[in-house]
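Some notes on the model follow, as numbered points. They cover charged pairs first, then the nonpolar parts.

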Amino acid sequence: MYSDDLTARRSWVRLLGGLGSFHNSHPTVYPGDIIEYPRNKYFSHFGVYYGEKDGVPYVAHLTSRDSDSRLVLFGRALRSEVKLDPLLLLGKNYKVSNMLDDSFPARDFHTVVKPAIDDLIGRELTFDILYHNSEHQATLLRYGVKKSQQIEKIYEHIMPSWKKAFEDKTL
């Protein structure tokens, strides 16, 4: 398709430069950055920018192993794994979302994050919407801490109603 690696790189740079529709888009990505892909009004999918392979930018992300495990039972998919995919395969709208940089130091990509990603690729993991989703995996890789701000927002809304139900002994 491309005559050389430089032409391929330039094509990817043109594609990446034109993706500013996701607000707060950050045009420059660095290995170890958390990439956020909006999925709907409530949730996003997250990965960690891995760098280029043969001129193509890649992201590591937690995903289902096969179509059967996409049917999540009680928010869990038992057959999941960390996978490397081209950055744009996961979506044309994305942004850099290093949301915990003010709270936790980012771990070194080349000595900590990349070896961890390489070790996880192909290993079976359990996806759990509340305790181990793609955001948990991305923050675990970048910071060494499992956090999901989108799940924490949900907890803020449901916990008051659960608290009342527990106090009333109706739950």
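1. A salt bridge here is a side-chain nitrogen of Lys or Arg within 4 Å of a carboxyl oxygen of Asp or Glu. With that cut-off, Asp33, Asp101 and Arg142 are linked in a network of salt bridges. The model is a predicted one, and a search of the whole structure gives five salt bridges.

2. Arginine 142 belongs to helix H3, while aspartate 33 sits in the loop between helix H1 (5-17) and strand S1 (34-38), so the bridge ties together parts 109 residues apart in sequence. Arginine 142 is buried at a relative accessible area of 10%; aspartate 33 is buried as well, at 7%.

3. Lysine 114 and aspartate 118 form another salt bridge, with 3.1 Å between the closest N and O atoms. Both lie in helix H2, four residues apart, which puts about one helical turn between them. Lysine 114 is partly exposed at 28% relative accessible area, and aspartate 118 is partly exposed at 36%.

4. Arginine 123 lies in the loop between H2 and S6. Arginine 123 forms a salt bridge with aspartate 119, the closest N and O atoms being 3.0 Å apart; the two side chains are also listed as a polar contact of 3.0 Å. Relative accessibility is 42% for arginine 123, which counts as partly exposed. Aspartate 119, at 46%, counts as partly exposed too. The C-alpha atom of arginine 123 is 5.9 Å from that of glutamate 81, although the two residues are 42 apart along the chain.

5. Which residues have the most contacts inside the largest nonpolar core? They are Val48, Tyr50, Val82, Val113, Ile117 and Leu141, in a core of 20 residues. At least two residues of this core come from each of strand S2 (44-53), strand S3 (56-64), strand S4 (76-86), helix H2 (109-120), S6 and H3. A second, separate core has ten residues, among them Val29, Tyr37, Leu87 and Val96.

6. Leaving aside residues up to four places away in sequence, isoleucine 117 touches Val48, Tyr50, Ala60, Phe109 and Leu141.

7. On the surface, Ile129, Leu130 and Tyr131 make up a nonpolar patch with about 270 Å² of accessible area together. Tyrosine 131 is in the loop between strand S6 (125-128) and helix H3 (134-143). Its relative accessible area is 54%, so tyrosine 131 is exposed.

Notes:
Residues numbered from 1 in each chain as written. Predicted model: local features only at pLDDT ≥ 70, side-chain atom pairs only at ≥ 80, totals over all residues. Heavy atoms only, no water. Patch = residues over 30% accessible without salt bridge, like charges linked within 9 Å, V, L, I, M, F, W, Y side chains within 5 Å. Areas by Shrake-Rupley, 256 points an atom, 1.4 Å probe, with all protein chains shown as cover. Buried < 20%, exposed > 50% of the residue type's maximum accessible area, 1.4 Å probe, protein only. Core = buried A, V, L, I, M, F, W, Y, C linked by side-chain atoms within 4.5 Å. Contact = heavy atoms within 4.5 Å. Polar contact = N/O pair within 3.5 Å; in protein donor to acceptor, adjacent residues only side chain to side chain.
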